[in-house]
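Subject: Handover of a structure, with notes

Dear colleague,

I am passing this structure on to you, and below it you will find my notes. Please read them with the structure open beside you.

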Amino acid sequence: MQRCQHPGRRDDDVALIRAGRAAALVWSNSAVLKQAGVIIDRQPHGDHQELALTVRDLVATSSEQILRDLEGEAGPAPLAFDASWVQAVTELRMALGQCHGDRDLRDLGRLQ
């Protein structure tokens, strides 16, 4: 929250909006993953392709939004001067690359 405050100004509304959206999306990702775990635990040998495609798309889409918000708020400085930030962003982008975007959605549509 301190990052949302700037000397000589009131709270930065845009930064607060981004922080609020990130909090909501992180909560949503957690809830989706927990619910998927419950479903899989109930049917460990079931066909969970539809569930997997749905969860992967929801988490990837919201994670991309969180990343866009963080990058928009932080600007280019962390990419230039913070090796741990670069590593974290690179690892996240690699993980998000596991989602096959429109192909996954096409396959999900076929299952409907």
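A salt bridge, as the term is used here, is a side-chain nitrogen of Lys or Arg within 4 Å of a carboxyl oxygen of Asp or Glu. Please keep in mind that this is a predicted model, in which local features need pLDDT of at least 70 and side-chain atom pairs count only at pLDDT 80 or more, while totals for chains, interfaces and linings use all residues. Residues are numbered from 1 along each chain as its sequence is written, and side-chain values use heavy atoms, with hydrogens and water left out.

Salt bridges

The structure holds seven salt bridges. In one of them the side chains of R56 and D104 meet, with 2.9 Å from N to O. Since R56 lies in helix 2 and D104 in helix 5 (residues 102-110), this pair ties together parts that are 48 residues apart in sequence; helices here are DSSP runs of H or I with at least four residues, numbered from the N terminus. For accessibility, buried means under 20% relative accessible area, exposed means over 50%, and partly exposed is in between, with a 1.4 Å probe and protein chains only. On that scale R56 is partly exposed, with a relative accessible area of 32%, whereas D104 is buried at 3%.

A second pair is E71 with R93, whose closest N and O atoms are 3.3 Å apart.

Salt bridges that share partners, moreover, join E64, E71 and R93 into one network.

Helix 1 and helix 2

The axes of helix 1 (residues 13-42) and helix 2 (residues 49-74) come within 10 Å and cross at roughly 160°, where axes are lines fitted to C-alpha atoms, for helices over the stretch in contact, and angles run from 0 to 180 degrees between N-to-C directions. The two helices are therefore roughly antiparallel to each other, a term that applies to angles over 145 degrees. The residues in contact (heavy atoms within 4.5 Å) include A15, R18, R21 and L25 of helix 1, and L51, V55, L58 and D69 of helix 2. By class, this contact has 14 nonpolar, five polar and four charged residues; Ala, Val, Leu, Ile, Met, Phe, Trp, Tyr, Cys and Pro count as nonpolar, Asp, Glu, Lys and Arg as charged, and the others, Gly among them, as polar.

Which residues does D69 contact, leaving aside its neighbours within four places in sequence? D69, which has its place in helix 2, is in contact with R18 and R21, and D69 is buried, with a relative accessible area of 7%.

After helix 5

Q112 has its place in the segment after helix 5 and is exposed, with a relative accessible area of 64%. The C-alpha atoms of Q112 and Q43, which are 69 residues apart along the chain, are separated by 20 Å.

With kind regards

Methods. Parallel < 35°, antiparallel > 145°, perpendicular 65-115°, else oblique.
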